[in-house]
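Have a look at the model below. Keep the sequence beside it while you read.

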Amino acid sequence: MKCSKIQDILLDYVYGELEPADAVKVEEHVRVCAECASALHEMEFTSKVFKKAESRVPSNHAVENIFRAASEALREEEPAERKIIPLFNRESLRPFLVGAASVMLIIGTVMWIFRPPASQQPVPPEAVKEAIVPTTKLPEDDFITRVSANPEVSRLTSNPQAAENMFEAANILYAQESYDGAFRLYMILYKNATDFKYNYLVSQRIGEIYERFGRTEKALEYYGKSVEQNSTQKELKDKIDRLNAELSRRSS
Amino acid sequence: MFKEDGDEMLMLRYQRGDAEAFRTLILRHRIGVTSFAYRYVGDSQVAEDIFQETFLRLIQKVKRYKAQAKFTTLLYTIARNLCIDHLRKMEHRKHQSLNAGGGEDDEGSDTLENMIPGKSIDADRSVFRKEIQKVLKKAIDSLPEEQREVFVLREYQDLRFREIAKVTRTATNTVKSRMRYALANLRKALAKARITEEVVRDEVL
């Protein structure tokens, strides 16, 4: 190889960007060419010295600031759009599970308090059956009215942090396809936590559950509310139009 | 396509809600980005601000992140733009201080002989090391901006020439040519400060 050609690729050689075959050519050439050897040496020397220039380490404070912003950005993101809830990441899931467990405990208590009078309770075998078999039925209006009338529940859900925990718990149940449980929690939020910052997502999720259960009209009702609460949801608006069209086609 | 713990994968994991993946990214690149900014703008505090701002912008971009390009290309493109913004803002002030500071008149004032009392290298290695660091910093700072960014990205951030071409929006050949000039200029700065092979061989740095 000629010197001019070697000089062209010397820089790539110094920074390890050459193919092995070309690197060998450079090495062979500089063994016999003093001029190119010197040029190579100068580059390598300069690079070697400057490599030792001090680097800068940012403060932990700066690192934590960024991390906090990164975590907040996740929370602000619309959870309904989060396709995959990171169930595989146990660390990050733990607080949610704790939240979910405590919320379920509260719900359980609430439901026990407002259980139907003994005479109306189904006979044990059926009750047991219902508990074991995953429900495909939605808890209906009587549940909703009972829960929304409970001052304890409304006090609980007026606490933003509690509402958020309940919302996360509902999202997890939803992701696990436990729609009846999710529905109960969303409904409690819907009825009581009217100022909750994700109330439009709550309405949307209720709509989605209704849609899953083939209750298109109910679904539309809640989708409509969601859009009322947050009018920037273009995709949801499209969905409403689509469902409306579907409904009118079905009825005609 | 991407390594499990590769930057791109971490970015995608963050996109799906895994904040810890983003923490790994911050920790992995904190020194790189801060040092890059430091070498670009020459000020530690500004460098730290740019480091923060770079990652904050990254957070804003994460939703649309597609992992099509190498993560570091994106990272250093953002960091570089912030550095440029900062330097443009400072330009006016910088001009003034340069005019006042007498540029090339201080010939010889920062050779090692002048900086080390009695030339006794062993007498105070840490002072010596500090002085060499000053020389290196000054040499990098004195490079024209277009050479400096190429040099820093290749030498310290380990970006390949074609990646640097993407970051700086220039042709790869232009990048290489700037790199050659940068190395030649830096070599001159070393010679001027009498940083010789012997000095470096003693591994005082």
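## Helices and a chain contact

H1(A) passes H2(A) in a left-handed crossing; left-handed says that the near helix is turned anticlockwise from the far one by less than a right angle. This is a predicted model, where local features need pLDDT of at least 70, side-chain atom pairs count only at pLDDT 80 or more, and totals for chains, interfaces and linings use all residues. Residues are numbered from 1 along each chain as its sequence is written, and chains are lettered from A and ligands numbered from 1 in the order in which they are written.

Helices here are DSSP runs (H or I, at least four residues), numbered from the N terminus. H1(A) covers residues 3–14 and H2(A) residues 20–32; they pack at about 115 degrees, with axes 10 Å apart. The two are therefore roughly perpendicular (65 to 115 degrees). Contact needs C-beta atoms, placed from the backbone, within 7 Å.

| Helix | Residues in the contact |
|---|---|
| H1(A) | A:Ile6, A:Ile9, A:Leu10, A:Tyr13 |
| H2(A) | A:Asp22, A:Ala23, A:Val26, A:His29 |

Now take H9(A). Its 16 residues, 160–175, should span 22 Å at 1.5 Å a residue, and the end C-alpha atoms are 22 Å apart, which agrees. The expected span is 1.5 Å times one less than the number of residues. Buried residues in H9(A) include A:Phe167 and A:Leu173 (20 or more other C-beta atoms within 10 Å of the residue's own). Just after H9(A), A:Glu177 has a positive phi of about 65 degrees.

Finally, the chains meet. Chain B gives 42 residues to the contact and chain A gives 36. On the side of chain B that touches chain A, H2(B) gives the most, with 11 residues.

Key:
A residue is buried if 20 or more other C-beta atoms lie within 10 Å of its own, exposed if 12 or fewer, and partly exposed in between; C-beta atoms are placed from the backbone. Two residues are in contact if their C-beta atoms, placed from the backbone, lie within 7 Å. Axes are lines fitted to C-alpha atoms, for helices over the stretch in contact, and angles run from 0 to 180 degrees between N-to-C directions. Angles under 35 degrees count as roughly parallel, over 145 as roughly antiparallel, 65 to 115 as roughly perpendicular and the rest as oblique.
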